[in-house]
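Subject: Structure handover

Hi there,

Here is the structure I promised to pass on to you.

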Amino acid sequence: MLLAAEKGDITTIIGGIAPDWGPFGTLGNEARVMIEVVMAIAILLCLGIAIWGAAKQRIGATALRDTFSAEQGKGLIVAGLTGVFIIGSLGTLFTIVYGMAV
């Protein structure tokens, strides 16, 4: 009986499931870092929007009894977290779409 995991280690396993940048595989290191920085800034911006929405919802719902502000806060929370999810999964989506096209 031959076990497939006998010859590999955790690096082989993790390296096997890591994305290979799909269509961006030919980019240089500087371009990859630029893409990562832009995505990190966008994720931080979306998290900031979600935090602002949570504060707006909390203040509007309790202190000011402003239902419009509370509803607007809910919308900001959903928009911010949706943005984080979409930006976080862009690498995977690009890789899947590129793989299907090839």
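Below is what I found, from the overall fold down to single residues.

First, the ground rules. This is a predicted model, in which local features need pLDDT of at least 70 and side-chain atom pairs count only at pLDDT 80 or more, while totals for chains, interfaces and linings use all residues. Residues are numbered from 1 along each chain as its sequence is written, and side-chain values use heavy atoms, with hydrogens and water left out.

The protein has four helices and zero strands, so its elements read α-α-α-α from the N terminus on (helices are DSSP runs of H or I with at least four residues, strands are runs of E with at least two, and numbering starts at the N terminus). Of its 102 residues, 13% are buried (under 20% relative accessible area; exposed is over 50% and partly exposed lies in between, with a 1.4 Å probe and protein chains only). The accessible surface is about 7,800 Å², and carbon and sulfur atoms hold 73% of that (Shrake-Rupley method, 1.4 Å probe). Taking contacts (heavy atoms within 4.5 Å) between residues at least 6 apart in sequence, 53% link residues at least 24 apart.

An unreviewed UniProt entry annotates residues 33-55 and 76-101 as "transmembrane region"; the positions follow the numbering used here, the feature name is shortened, and such annotations may be inferred rather than shown by experiment. Residues 33-55 are 100% helix and 0% strand, with 33 Å between the end C-alpha atoms.

Alanine 40 sits in helix α2 (residues 29-63) and is partly exposed, at 38% relative accessible area.

Serine 89 belongs to the loop between α3 (67-88) and α4 (90-101). With a relative accessibility of 16%, serine 89 is buried. A polar atom of the serine 89 side chain is 2.9 Å from the backbone oxygen of phenylalanine 85.

How many salt bridges does a search of the whole structure find? There is one (a side-chain nitrogen of Lys or Arg within 4 Å of a carboxyl oxygen of Asp or Glu). Glutamate 71 pairs with lysine 74, and their closest N and O atoms are 3.4 Å apart. The two are three residues apart in helix α3, which means about one helical turn separates them. Lysine 74 is partly exposed, at 39% relative accessibility.

Best wishes

Conventions
Polar contact = N/O pair within 3.5 Å; in protein donor to acceptor, adjacent residues only side chain to side chain.
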